[in-house]
Amino acid sequence: DVAITKSSLAQVFQSPEILLKSQKSVQTMDVSDSTGSSLQAVAGTKFSLQSMAVYTAGNMIGTGTHQTLIALAESGCGNVLWANFLLAGILVTLSALPLLHLYHKFPSNDCLQQAAAAGLGPFWGKWLAFVNGQLISIELIFAVTMQATFFGKNLAARFTDVDDVRFSTLLSIALLIFLCILYRKVGALFTASIAWALGVLELCTVGILILSSAICVLASKPIRPVESLVDWSQTTFTKFPSGIHMAIFAYGGFPGMIQSADLVENPGRNVPLGIVCACLMTTIIYTAMSVSVLLVSEPAAVASFRNGFDSLRNVLPEHLLAAISCTVLSSVANNIMENALVVMENMKQMFPMHFSRPADSFTFAAIGFCTFLNSYLKLNFLGDAIDFALILQFAIFAILCLSSQGGSLGARFVACVSLLANSLLASWHLYHASAMPMFILTILVALPIFVPQRDKRE
């Protein structure tokens with residue numbers, strides 16, 4: 001009795017509004033239930049501009065830092081992979097600038113939805129909002145899959161020196177099962193104080209990577225000459241622009257911060273400006289981190305790292321290095337739970353007849369299935385698909401800014417430059433790499449339209 005009826009199609013076509021509302025409610029819940037509520041409980045006030053910038057930067061800097069650093073070294077970017085982080089950060093910051101205009105005009109959690117409806121009309125506005133919501137959901141599922149795989153490999157390496165796929169996959173799946181059970185029993189995985197402490201701890205450990213070359217000097221260990229940072233001999237020309245595309249993965253996370261208006265003082269100013277400041281902060285941190293690591297290790301050595309802290313393997317005591325590396329695993333668990341909560345609510349809101357209750361089981365099962373496939377089949381398209389999803393979201397920001405009434409000439413110029421730069425980068429990568437990630441992303445974005453919905457009259 002499941003059929004695609006007129007009313008069910010209407011329900012799917014209305015899903016852009018439902019999806020963004022779900023994202024607004026869930027992401028606001030995640031922020032307020034984790035870092036936001038702890039800060040407000042302690043300080044008694046909402047986020048200032050500085051707090052918003054630090055919080056957003058903390059969300060952007062995660063396990064993607066280590067994954068991207070290693071992936072860039074593996075892909076042939078060589079000694080100049082630090083420039084990939086720098087140029088990707090500049091592009092991300094440029095892409096965030098249109099939010100200054102959009103949020104000033106629509107200072108609320110559903111800023112993009114309102115901007116889409118006002119600038120493109122009800123029909124096309126709904127469709128663009130729907131696509132943006134789908135991109136966020138797909139990006140999160142793929143990111144969690146990569147994080148779960150990363151967790152399994154790093155934890156397995158602490159028990160055995162052999163690369164045992166079955167053991168690492170078992171650990172990844174065990175983490176997902178544990179988080180699903182804990183979610184059902186407790187609700188929120190991390191209390192506000194724990195989430196805030198983990199975020200601060202994560203930023204501190206990234207600071208250790210930034211200081212890795214200085215630590216080597218203090219320990220009387222040799223470092224590489226500064227001139228090696230501009231040595232292009234190990235860099236493949238066609239790989240360098242694609243490396244910029246790859247480095248964007250490390251900057252994911254800030255689009256979700258758009259729904260933070262309820263937690264911020266003067267949201268029309270502080271939310272977008274805080275995001276832009278966070279992009280600048282993260283760009284500086286990533287560039288300094290990669291430069292410091294490259295002064296300690298050759299790119300070929302970085303490509304064999306399990307995480308960035310391996311650059312200090314013969315410098316710091318093993319027990320101290322192991323303790324520092326454990327923060328990577330706790331960060332993964334935190335990111336998985338936060339991202340999974342958003343996906344769960346999206347499923348329940350978009351398909352209420354199918355996912356009124358079992359959204360958590362479906363979400364974790366889907367992540368577990370993707371993690372299993374990724375471990376055995378090496379789904380290398382996941383990172384590219386996430387990068388394409390982020391670039392498409394950046395393009396949506398630019399399109400909404402251009403379609404909005406009352407934008408200044410400067411805002412429109414920045415939006416045009418952002419749209420052009422992202423289009424050129426995506427086109428270059430599509431030409432020199434496989435089109436499969438974009439093809440899969442397109443199918444998944446459109447998939448809900450063809451999912452049968454139960455008729456409300458049943």
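Is Phe-159 buried or exposed, judged by its relative accessibility?

Modeller: Phe-159 counts as exposed, because its relative accessibility is 60%, and the scale behind that word calls a residue buried under 20% relative accessible area, exposed over 50% and partly exposed in between, with a 1.4 Å probe and protein chains only. Before going further, please keep in mind that this is a predicted model, in which local features need pLDDT of at least 70 and side-chain atom pairs count only at pLDDT 80 or more, while totals for chains, interfaces and linings use all residues. Residues are numbered from 1 along each chain as its sequence is written, and side-chain values use heavy atoms, with hydrogens and water left out.

A pair of aromatic rings is described by the distance of the centres and the angle of the planes. Rings of Phe, Tyr and Trp (for Trp, its six-membered ring) pair if their centres lie within 6.5 Å, and planes under 30 degrees apart count as stacked, over 60 as edge-to-face and the rest as tilted. The structure holds nine aromatic pairs. One of them joins Phe-159 to Phe-167, an edge-to-face pair with 6.0 Å from centre to centre and 75° between the planes. Another pair, Trp-232 with Phe-240, is tilted, with 5.1 Å between the centres and 55° between the planes. Here Trp-232 counts as partly exposed because its relative accessibility is 47%, whereas Phe-240 is buried, its relative accessible area being 12%. Elsewhere, Phe-123, Trp-124, Trp-127 and Phe-130 form one aromatic cluster.

Of its 458 residues, 56% count as buried.

Gly-274 lies in helix α12 and is buried, with a relative accessible area of 0%. Not counting residues up to four places away in sequence, Gly-274 touches Leu-49, Met-52 and Ala-53. Ser-418, in helix α17 (residues 409–432), is also buried, with a relative accessible area of 0%. Leaving out residues up to four places away in sequence, Ser-418 touches Leu-94, Ser-95, Phe-394 and Ala-398. With Ser-95 there is a polar contact from side chain to side chain, at 3.3 Å; such a contact is a pair of N or O atoms within 3.5 Å, where within protein one must be able to donate a hydrogen and the other to accept it, and residues adjacent in sequence count only if both atoms are side-chain atoms.

Ser-220 lies in the loop between α10 (212–218) and α11 (239–247), and has a positive phi of about 60° although it is not a glycine. Ser-220 counts as exposed because its relative accessibility is 66%. Asn-266, found in the loop between α11 and α12 (267–296), has a positive phi of about 45° although it is not a glycine, and counts as partly exposed at 47% relative accessibility.

Definitions and conventions:
Helix = DSSP H or I, 4+ residues; strand = E, 2+ residues; numbered from the N terminus. Contact = heavy atoms within 4.5 Å.
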